[in-house]
Amino acid sequence: MAVTLKINHQDRTVESPAGTSLLTVLRDELGLTGARFGCGQGRCGACVVLVDGQPVPACTLTCEEASGRSIVTIEGLATGDTLHPVQRAFLDEGAVQCGYCTSGMILAGVALLERVPSPSDAEIRSALAPHLCRCGIYLRAIRAVRSASR
Amino acid sequence: MSRIEERLRFEPDGTVTALSGKVEYGQGLRAAYPRIVAEELGIAPERVHVVLGDTDQVPWDMGTFGSLSVEMDGKELRGAAAFARELLVARAAQRLGCAPSELEVENGIVRRRGDGRGVSFTELVAATPLAGVIPEEVRLASPTPTCPDSPAGPDGPDMVTGRVEFAGDVRLPGMLHGAVLHPAIHGARLQSINRAAAMALPGVVAVVEDGSITGVVAEREDQALAALAALNPVWARAPVESPAATDIVLRSDPGTEAALSAAPAPRRLRAAYFTPHVAGAPIGPSVGVADVRADRALLYGSTQVPFRLREQVASITGLPADRVHFDPRAMSGGFGRHNASDATIEAARLSHAVGRPVRVQWGRGDELRAGPNRPEMTAELEAALDAGGRITGWREEIRTNPYTYDVGGDGAGAGRPPLATGSREAAGPWGSPTQMMAMMAGRNAIPPYDVRRAEITLHITPGRVRTGALRSLGASPNTFAIESFMDELARAAGQDPIAFRLAQITDPRLRRVLEAVRERSGWTATPRRKGLGVACVVYRQTCVAEVVEVSVARSGQVSVERVWCAVDPGHVVHPSGARNQVEGAIQMAASWTLLEELPHRGDEVTGSTWQDYPIATCTDAPQVIDVVFTGDDTMPSLGLGEPPAVPMAPAIANAIFDACGARVRALPIRPDAVLRALAESSELPEPGGKAPLRPGSSS
């Protein structure tokens with residue numbers, strides 16, 4: 001079936017079987033691989049994208065459910081060559097090791113700061129908590145979101 | 001014997017390409033290697049690019065593990081760059097008609113002091129590229145200069161924008177998707193499948209049974225997964241062979257028994273410790289893409305051992321190894337898990353069977369059921385103290401499983417062939433399989449203290465579940481036992497745990513890290529409301545000491561609040577990257593200490609999601625991780641990725657004892673374990689008794 005998705009402020013029409021996950025559409029149909037496959041169970045945060053501004057694991061949403069809503073992926077965050085302040089902060093804090101959790105973490109930080117421009121340490125931690133990282137960059141990610149906040 | 005042209009290429013645009021068989025999965029090699037080359041060549045690190053792990057371009061490498069990348073391959077690159085500099089200066093001397101001693105190197109130009117006449121590296125290599133064997137003794141820049149620090153590596157911008165391509169992102173023309181059956185029971189054999197049911201489903205191209213794996217290939221990934229489920233496999237436990245144990249005596253000093261029995265009961269302690277199976281649990285599960293043709297094979301995938309993978313796929317396909325190309329992409333943090341290239345080998349088998357490119361993506365359930373786990377460990381320790389609180393005798397028995405993957409073959413169900421006899425790796429860099437097992441399971445089994453007389457024995461039996469390496473091999477389990485026991489001995493001797501350790505240490509570098517964390521943590525400042533614990537290790541040659549501050553809630557819930565870490569890894573190549581590794585190791589080890597245990601009943605894994613295997617999240621992260629490097633730049637660079645993980649478990653356990661008097665001798669330290677230990681602490685048996693020990697007990 002044909003589904004039209006609004007992704008990174010552009011309408012994209014894809015031909016996918018009903019029930020296909022948004023993650024599969026992003027990665028296999030649209031080549032937007034910045035959302036990573038981690039568990040397919042919505043429990044690791046690696047595939048998180050923003051859906052109407054909220055961080056949502058793309059593996060938990062079908063493309064029909066995603067249709068008509070505004071979806072932002074990591075690829076749509078920078079403006080040209082200018083990084084989003086949260087992306088910039090992750091670089092400046094060196095909050096990266098293997099990079100597998102990075103897309104989701106950054107988008108979670110972006111969503112938090114949209115909602116709460118000056119979050120507390122506890123708010124930052126709980127916003128990032130759904131994002132598992134085996135390399136252990138948690139403290140740096142927390143610092144990065146804090147430094148990007150107002 | 002390495003040749004310079006295998007290691008460095010001077011490009012026409014003035015950049016330098018450095019070649020290494022190591023792979024990057026977050027350790028920061030893409031940042032560290034250019035800096036090493038730049039330090040010796042006297043150029044900016046931005047002018048050095050690295051090619052890592054591409055089997056068509058880089059020299060053979062045994063694999064990326066053991067915190068050896070900077071220590072060993074970094075040393076090779078440093079030697080290559082220093083030798084290149086010598087050759088370039090010699091060429092410039094000839095060109096400028098002066099003595100090499102009159103020349104200096106600055107920013108890619110060899111210049112004559114005084115008149116300033118110079119010639120660039122590019123000009124010097126334009127006609128004849130540098131070539132030749134890198135001599136054993138090459139003069140290095142001394143003291144080693146350090147390039148200006150930078151927080152992220154050169155791959156940072158691609159990571160924060162999502163542009164970085166992971167192996168799982170590769171899509172080849174005509175590519176199919178494969179999926180392979182993995183039993184929850186370790187080593188189980190397939191009795192039957194419903195082949196027809198799978199073949200009848202849409203998009204299914206083939207059901208493949210090649211003797212090693214049973215899987216399906218379909219047009220789409222969801223179709224492959226549906227077909228796999230339709231196979232409806234029936235498994236049977238394979239006949240259990242009586243596990244062959246390998247006993248290895250690491251130390252056996254005469255008079256140990258006499259020293260132990262001479263000590264009066266209060267100064268003779270025994271205790272037993274246990275660490276469970278810990279899953280590799282990479283955030284990105286094993287993945288591979290393979291395009292196997294009649295005359296060549298191309299591979300992408302998560303692997304820490306590109307050249308071993310190449311040999312394995314050559315043996316599966318019958319292709320010569322030099323017709324198998326592994327082309328690396330970014331990879332999820334591995335920490336030993338990707339020493340087994342599971343999904344890539346499966347992809348190669350499926351591609352070989354169907355003659356088209358195939359991608360295999362393991363799911364979370366596959367990882368937990370069939371991925372490798374850190375071996376279990378049980379340690380029984382016994383020691384005697386003299387009247388002054390010095391250790392006079394030490395007995396240690398460790399029971400654990402192998403940390404190796406392919407040596408001797410195994411039955412993990414992932415279809416890994418044994419290594420070809422006579423292969424470079426089968427010969428092994430470290431000798432016989434027994435020596436290798438002693439090196440891996442026995443890592444840090446010998447305490448770094450002057451214990452006078454010791455008997456230390458390893459008993460290695462196959463694991464009930466699949467086992468393999470995880471960040472530091474046996475060092476973390478062994479050090480949990482030894483450093484927890486050292487704390488118990490210090491208490492028995494009535495001494496401060498740091499002073500007790502310092503009194504039995506001769507290594508000045510180890511003393512220095514302990515003194516550093518004592519000072520930075522405010523160790524001696526009293527009173528303390530929370531618990532502080534200490535532990536240390538000499539991991540290969542890297543010295544680490546850690547002090548951990550914990551709070552223990554009434555529920556038994558432990559929070560790691562602050563961590564102080566002092567490390568001596570010799571010359572630090574990239575300070576920010578090095579700190580990142582130390583912090584990450586601490587965070588990961590805190591996770592396995594407090595939370596992680598593979599859910600299994602005997603040989604059957606009983607979980608398949610992150611709910612069944614929780615790891616630490618941002619809410620568990622400490623408030624502060626304070627890192628100080630105490631090494632100096634006259635020493636070579638040593639390993640750093642694994643060592644700081646090692647002291648965490650005992651430092652946490654010791655801090656819990658300091659906080660509330662609960663001595664927890666088994667991991668993970670969940671709230672119920674703390675409450676149990678607390679209850680036991682009020683009813684301690686007589687010291688020196690001879691009752692049989694079980695993990696978590698003492699006498």
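At 5% relative accessibility, does Glu382(B) count as buried or exposed? Before I answer, a word on conventions: this is a predicted model, in which local features need pLDDT of at least 70, side-chain atom pairs count only at pLDDT 80 or more, and totals for chains, interfaces and linings use all residues. Residues are numbered from 1 along each chain as its sequence is written, chains are lettered from A and ligands numbered from 1 in the order in which they are written, and side-chain values use heavy atoms, with hydrogens and water left out.

Glu382(B) counts as buried because its relative accessibility is 5%, where buried means under 20% relative accessible area, exposed over 50%, and partly exposed in between, with a 1.4 Å probe and protein chains only. Glu382(B) belongs to strand E20 (residues 377-385) of chain B; helices (H or I, at least four residues) and strands (E, at least two) are DSSP runs, numbered from the N terminus. The side chain of Glu382(B) is in polar contact with that of Arg268(B), at 2.6 Å. A polar contact is a pair of N or O atoms within 3.5 Å; within protein, one must be able to donate a hydrogen and the other to accept it, and residues adjacent in sequence count only if both atoms are side-chain atoms.

I turn next to helix H2 of chain B. Of the 13 residues of H2(B), 12 are buried, among them Tyr33(B), Arg35(B) and Glu39(B). After H2(B) comes Gly42(B), with a positive phi near 70 degrees.

Now to the interface. Contact, meaning heavy atoms within 4.5 Å, involves 60 residues of chain B and 49 residues of chain A. The two chains bury about 4300 Å² between them, 56% of it from carbon and sulfur atoms; buried area is the accessible area (1.4 Å probe) that two parts lose on being put together, summed over both. On the chain B side, Val160(B), Ile283(B) and Cys618(B) lose the most area to chain A, together 18% of what that side buries.

Across this interface there are 6 salt bridges, each a side-chain nitrogen of Lys or Arg within 4 Å of a carboxyl oxygen of Asp or Glu. One salt bridge joins Asp169(B) to Arg36(A), with the closest N and O atoms 2.8 Å apart. H17(B) gives the largest share of the chain B side that touches chain A, 9 residues.
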